[in-house]
Amino acid sequence: MVDNKQQWKAWLYLSPAIVLLLVFTVWPIFNTVRMSFLENYKSLEAANGAVFSFGLGNFVKVLEYKRFLQCLKNTILLCVTTVPISTVLALLIAVALNSIKPLQKLLQTIFFLPYVTNSIAIGMVFAAMFNIVGSFYGTENEIIVTAGIINNVIEFFGGQHINWINYGSTYEANMFVMIVYIVWNALPFKILVLLGGLQSINRQYYDAAKVDSTPRRRVFTHITVPLLSPMLAYVIITGFIGGFKEYTSIVGIFGELMGPADDAGRLNTMVGFIYDALESNNQGRASAAALILFFIILAVTLVNNWVSKKRIHY
Amino acid sequence: MSAKAMSVMQEKDLQKTSSVQRVTQIAVRVLVYAFLIAMAIIVLFPFYWMIISSLKTLDEYRLSQPTFFPQVIMFSNYAEAFTTASLGRLFVNTMIVGVSSTLLSLIITVLSAFAFARLEFKGKELLFSALLATMMIPGELFTITNFVTVTEFGWRNTYTVLIVPFLVSVFYIFLLRQNFMQIPNELYLAAKVDGTTDFKYLWKVMVPLSLPTLISITILKMMGAWNSYMWPKLVANDAAHSMITNGLRNAFTDTTGDVNYPVQMAAVAIVSAPLFLVFIFLRKYIMAGVSRSGIKG
Amino acid sequence: MLKRIVAMLLFVAMAMTVLAACNGNTTPGTTKGEVNFKVPETGFDAETPITITFMNTMGSNLSTVLEAYIAEFEAMFPNIDVQSINGGGYDDVRDTIVTEITVGGQPNIAYCYPDHVALYNLADAVATLDDLIESQLTVTRADGTTEIIGLTAEQKDNFIEGYYTEGTSFGDGLMYTMPFSKSTEVLYYNKTFFDAHNLSVPTTWDELEAVCAKIKEIDPDSIPLGYDSESNWFITMCEQYNSPYTSATGDHFLFDNEQNHEFIKRFNDWYAKGYLTTQTLYGAYTSGLITSTNGVESYMSIGSSAGATYQRPAANSDGSYPFEVGIATVPQVDANNKKVISQGPSVCIFKKDNPQEVIASWLFVKYLTTSVDFQAEFAMASGYVPVIKSVAENEGYADFLSKANGGNYIAALSAKVCLEQADAYYTSPAFNGSSAARDQVGALLTKCLTMTGDDLDAQIKAAFEAAVDECEYNS
């Protein structure tokens, strides 16, 4: 039952957004698609008047890449681990933060601080936490100048230090560090959104629960989570979209090598691949890779949306 | 749940529950605090690192064994940061861009989110999906095309080029739509019966009810202006429009092209301070929430 | 929703197909190998006002020096207005210019590394300097004196040869860049320790091996040598052995050869014995090892000549240093045929529709690179070394060099060593993909150092092949 007046009005409300999106988002996407179908497209050669032939060569070239599957695997693995973990943690923190009285203001303020912390500082801290400074691991010459904060803690409790990110480290250890780092990075934003969402929940539901003396856990699972579901859905969907574009966090930990010293590129991701292609001005190849990534994210988002349709209570 | 409601609940509980339950209650409390404090320390650590780094000498900063507290406290880094970079100009530019883009962006976001949440029109689902889809392509690929566009518009080295291209964020429209959809439809229908216009309903009911989310968007958008680097560098690299991050990154490169990180951190800390104060101020509004207005339900 | 999106995408794809098909099939139209800028016969027009831009990475301390010389240059040629733009770091400058080229908005002059120029040359954007350098046309300055547009024979000879020839490393024999200020790698060593134990400073890799063995005996907990840049190490070894690394023409990636396998294997053995480490392996700046005065120490460190102050230990409270640092040429394969890497920024000039802009840019570049005073002052402010030999004529610089020591004036000591090895500089070929090769060989060397096991040869071989593959994919 859509009347014409509302139609017209809706488009009016949307017009500023649509105009800007057409110019600054749709048009570049259109160009991306175009470049992906032009063989070996390089923007610099194009600027010089070169013309490129139409073809699927860029896509073939991307799929041919020896480490393509590795990039894809890393991307997906990071995504499916970090999104649930960070969402659950953020939810717990937001709910806890909302339920305490003493120290509430102080703690809330602290959870805002990451916003005013420079990203370089965040990268540096992580290096100090996991990086072992030393050489010749696993040989008789082994020298460890400093094993990093995390290892210091492990050793304090009598454990063996672990090689997290340096040469000779395992893929699992690398992944663990990346997951911790990404979750950590993602937390402040999610806490902010969920805290905002919690404030919009009608107090009456809680009052009703109180009258019925519903146990806390039931209040959480039967009132808080369902009523927060729109925001949870938001956090999860955008988390997945962002997670598939993970790249800078890996540079932050492993540098341009994108892996430990003895296995450069081990942790490369799809967007890392795109950056590499852009570096040598291979816009065509980068665009093709971006489209492949796009279809993957699209598929995941559709599933997400389908699931959330069934579960969100507006 | 507000702290007040909690404590009221607590009192009632205490009166009628046994001591075993009381112990559990306290245990839960302790756990909640322990959890929050542990997380707070983790979240706070980088901030702490930023502050101590800003007080170190360059030599100490480069040590292979990082120190947790500066051996020599270098307040002079702050003085140097002030004199090296023209912080005042950078700050004013960033404020102009940050405030105007936040305001305009909020208006556009509110209007679009309202259309998606409340109005019925053909192709709504499709359009919304298409918007979501645009987020799935890495933005780095848009740079050259957008660069050509703004150059053709003659926008180079203006505030316009720093504000307009990124006014629309699908992320925020999506976020606010989710919030708007939570507001019961009955309110809208009742308003319709009363003859309230859509526009009036939007500003008088929906916006106030979504204040926490709008504040979140404000914070994120302001931070965006504070952190933007690549785009301003490309399109507005003259001194008159330089933004804070550009000014800071470029000012402290030393002889070998390395950055003097301690001084840079000091500069970052200086420019973050006003932002932080604004956040503390806004925090009240987020936490105050909409519960008191009592319109809902 | 799924169906709609798929339908929408199909539509877009079809539209693209139609559009793209219209483009036809042609090959890129770049012309290479011939001079792309010729000085007009009328020479330089000293009347019409002209603005030229110079994009660089100078922080505030260096731009102060630059601005003073811009003022002097503008006084000589009042119709030229020079604007210096800070473009961020080197990569930022490259990315900005690559983007600007698409709208024809590139600056007139830019800081560059050879691989950046190779990239810009995809768009044929950089002006060749050959005709400018040879031009005998005269220009008149504001004070009535004249100079020729080109370089005089003395000016040419005055350039340190290895720096100057970097401008022709693009495979077509043409000159694209002028050296601006340079750095290299040098060997830093703990002079106090060397003197105390009667060690001599190694000049060859064989000597280095022996010294490392001795240091290991004296201080078993030390890492005798720290090497900063794995990439530089690999490339320098190729140059010293005269074994192929890359080529700007034909087959680009030639570094997978027996000679290179050989030296890698030797270094692997040294690493296994605990003689050395590199920045990536160590997990921190290797300078932190040599400057350390407790715990694990190193006694030699190979790093950038411009970073000398980082290789000096922290001063005691009375201003003295815990030990003296010595600086020497990096070890060689053949001490009589020295090869050291040349690094640091050059400048390139971009083609413009108005040839006067190109000439004005050239006059400015010529002024900066041949001016003894600018080169001297800039070198002292930056820690880089000047690109001309006559710089010692500048009193300030001569004074600076005379103070050279392993303590307060370590930067002067480093500069002195660099100037003394002026005939040893080399540069590698530049092409689109040369920076990828550089990164790859660095990672390759790092990986190979840590290899263990009986099938070392097979492992090294496989690693080389993988690195070449990766290079070829990315070029």
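**Notebook: strands, domains and a chain contact**

I began with strand β7 (residues 185-190) of chain C, which runs antiparallel to β10(C) and is joined to it by 5 bridges; strands count as paired if DSSP finds at least two bridges between them, and the elements themselves are DSSP runs numbered from the N terminus, helices being H or I of at least four residues and strands E of at least two. I note that this is a predicted model, in which local features need pLDDT of at least 70 and side-chain atom pairs count only at pLDDT 80 or more, while totals for chains, interfaces and linings use all residues. Residues are numbered from 1 along each chain as its sequence is written, and chains are lettered from A and ligands numbered from 1 in the order in which they are written.

Staying with β10(C), I found that C:Tyr188 has C:Ser301 as its bridge partner. Strand β8 (residues 225-227) of chain C runs parallel to β10(C), with 3 bridges, and there C:Leu225 stands opposite C:Met300. I also looked up the cover of β10 (residues 300-304) of chain C, and 5 of its 5 residues are buried (20 or more other C-beta atoms within 10 Å of a residue's own, with C-beta atoms placed from the backbone; 12 or fewer is exposed, in between partly exposed).

Next I turned to an open sheet of 5 strands in chain C, whose order is β2-β1-β3-β13-β6 with mixed pairing. Its edge strands are β2 (80-86) and β6 (177-179) of chain C, each pairing on one side only. Within the sheet, β1 (residues 50-56) of chain C pairs with β2(C) in the parallel sense over 7 bridges, and C:Thr51 stands opposite C:Asp81.

How is chain C divided into domains? The assignment, which is automatic or from a database, gives domain 1 (50-182 + 344-393) and domain 2 (185-341 + 412-474), and the C-alpha centres of these two domains of chain C lie 31 Å apart. I read their contact (C-beta atoms, placed from the backbone, within 7 Å) as taking 20 residues from domain 1 of chain C and 19 residues from domain 2 of chain C.

Last, I looked between chains, where 40 residues of chain A are in contact with 44 residues of chain C. On the side of chain A that touches chain C, α2(A) gives the largest share, 4 residues.

Note on methods
Contact = placed C-beta atoms within 7 Å.
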